[in-house]
Amino acid sequence: MAVITNEICNVAVFGDIQSSNICTNTLGDKSTCRGDSGGPLVVQRRVRTVLTPKVQRAKLIIRLSEYLRGHAYEDGEDRVLNGCLIDTPLYTIGTVSLPTGLEIFDDFNGQVAIASGYGLTQDGGSISNSQFLSYVNMSVITNEVCNIAFFGNIRPSNICTSTQGGKSTCRGDSGGPLVVQRRDRTVLVGVTSFGIAFGCEIGWPAAFSRITSFLGFINDNL
């Protein structure tokens, strides 16, 4: 999709565009859709791929630098919310790596992973126009255990996390990253996919798309 000016976009969404938004046209019926919230919008700059996170609001893409300047939270400050994504807002922005070498064969079971997104922070909540970026630490569980929780619907191309304590991804986080830390590298291992319809705080596992299952597709399209 091609990036368009905020002036043109503002006409299309009835004056709701802020300077912290970035918009694209969707000519030819090519667009983001339900379930893509939290996914990246990227542009290719020589050998670099530049990412900007996406927030669910009339296909508006938030400009990261201006978004972060708009909040007064300090690193390490806790937000008092119930369940879902409730830890400290993320302020350290950097690159993320795809799995390489032996990581391609790693199932990451038992490792602590971090999911982030702009989704709900509690069951029954709502997503506002000024929704903030949140993250949560969860442990990766085996697909065998996850498959029981999802009644046999988990595939090898999924990766799952435990959500004990009611900390989980939730509606609006779909498309967001699941990463693990490997020494000085942050490795992308999953993309938020689905949970259980009963709610995000009940401790049911969360399911993600497993990045190592799609490395060929990703590399072919970067």
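My entries below cover the disulfides, the salt bridges, a surface patch and one glycine.

**Ground rules**

I am working on a predicted model, where local features need pLDDT of at least 70, side-chain atom pairs count only at pLDDT 80 or more, and totals for chains, interfaces and linings use all residues. Residues are numbered from 1 along each chain as its sequence is written, and side-chain values use heavy atoms, with hydrogens and water left out.

**Entry 1: disulfides**

I began with the cysteines, taking a disulfide as a pair of cysteine sulfur atoms within 2.5 Å. My search of the whole structure turned up three disulfides.

I looked at Cys-9 and Cys-23, whose sulfur atoms are 2.2 Å apart in their disulfide. The pair links distant parts of the chain, with Cys-9 in helix α1 (residues 6–12) and Cys-23 in strand β2 (residues 21–24), 14 residues apart. For these elements I use DSSP runs numbered from the N terminus: helices are H or I with at least four residues, strands are E with at least two. The link of Cys-9 and Cys-23 has -80 degrees about the S-S bond and is left-handed.

I then asked about burial, where buried means under 20% relative accessible area, exposed over 50%, and partly exposed in between (1.4 Å probe, protein chains only). Cys-9 is buried at a relative accessible area of 7%, and Cys-23 is buried at 1%.

I went on to Cys-146 and Cys-160, which are joined by a disulfide with S to S at 2.1 Å. Here Cys-146 sits in helix α3 (residues 143–149) and Cys-160 in strand β8 (residues 158–161), 14 residues apart, and the pair links distant parts of the chain. The torsion about the S-S bond of Cys-146 and Cys-160 is about -75 degrees, so I noted this disulfide as left-handed. Cys-146 counts as buried at 0% relative accessibility, and Cys-160 counts as buried at 0% too.

Cys-170 lies in the loop between β8 and β9 and Cys-200 in the loop between β10 and β11 (206–210), so the pair ties together parts that are 30 residues apart in sequence. With 80 degrees about the S-S bond, the link of Cys-170 and Cys-200 is right-handed. Both Cys-170 and Cys-200 are buried.

I also wrote down the pairing: with the bonded cysteines of the chain numbered in sequence order, it reads 1-2, 3-4, 5-6.

**Entry 2: salt bridges**

Which residues are linked in a network of salt bridges? I found Glu-103, Asp-106, Arg-182 and Arg-185 in it. My cut-off for a salt bridge is a side-chain nitrogen of Lys or Arg within 4 Å of a carboxyl oxygen of Asp or Glu. By this rule I count three salt bridges.

Glu-103 pairs with Arg-182, the closest N and O atoms being 3.6 Å apart. Glu-103 is in the loop between α2 and β6, while Arg-182 is in strand β9 (residues 177–182), 79 residues apart.

Arg-185 also forms a salt bridge with Glu-103, with closest N and O atoms 2.7 Å apart. Arg-185 lies in strand β10 (residues 185–194) and Glu-103 in the loop between α2 and β6, so this pair ties together parts that are 82 residues apart in sequence.

Arg-182 meets Asp-106 in a salt bridge as well, at 2.7 Å from N to O. Asp-106 is in the loop between α2 and β6 and Arg-182 in strand β9, 76 residues apart.

Arg-182 is partly exposed at 23%, and Arg-185 is partly exposed at 24%.

**Entry 3: a nonpolar patch**

I looked for patches next, built from residues with over 30% relative accessible area and no salt bridge; like charges are joined within 9 Å, nonpolar side chains (Val, Leu, Ile, Met, Phe, Trp, Tyr) within 5 Å. Leu-102, Ile-104 and Phe-105 form a nonpolar patch on the surface, with about 390 Å² of accessible area together. My areas come from the Shrake-Rupley method with a 1.4 Å probe, and for residues only the protein chains shown count as cover.

Leu-102 is in the loop between α2 (64–69) and β6 (112–117). Leu-102 is exposed, with a relative accessible area of 75%.

**Entry 4: Gly-125**

I ended at Gly-125, in the loop between β6 and β7 (134–141). Gly-125 is partly exposed, with a relative accessible area of 24%. Leaving out residues up to four places away in sequence, Gly-125 touches Leu-120 and Arg-171, where contact means heavy atoms within 4.5 Å. Gly-125 and Arg-171 are 46 residues apart in sequence and 9.7 Å apart in space, C-alpha to C-alpha.
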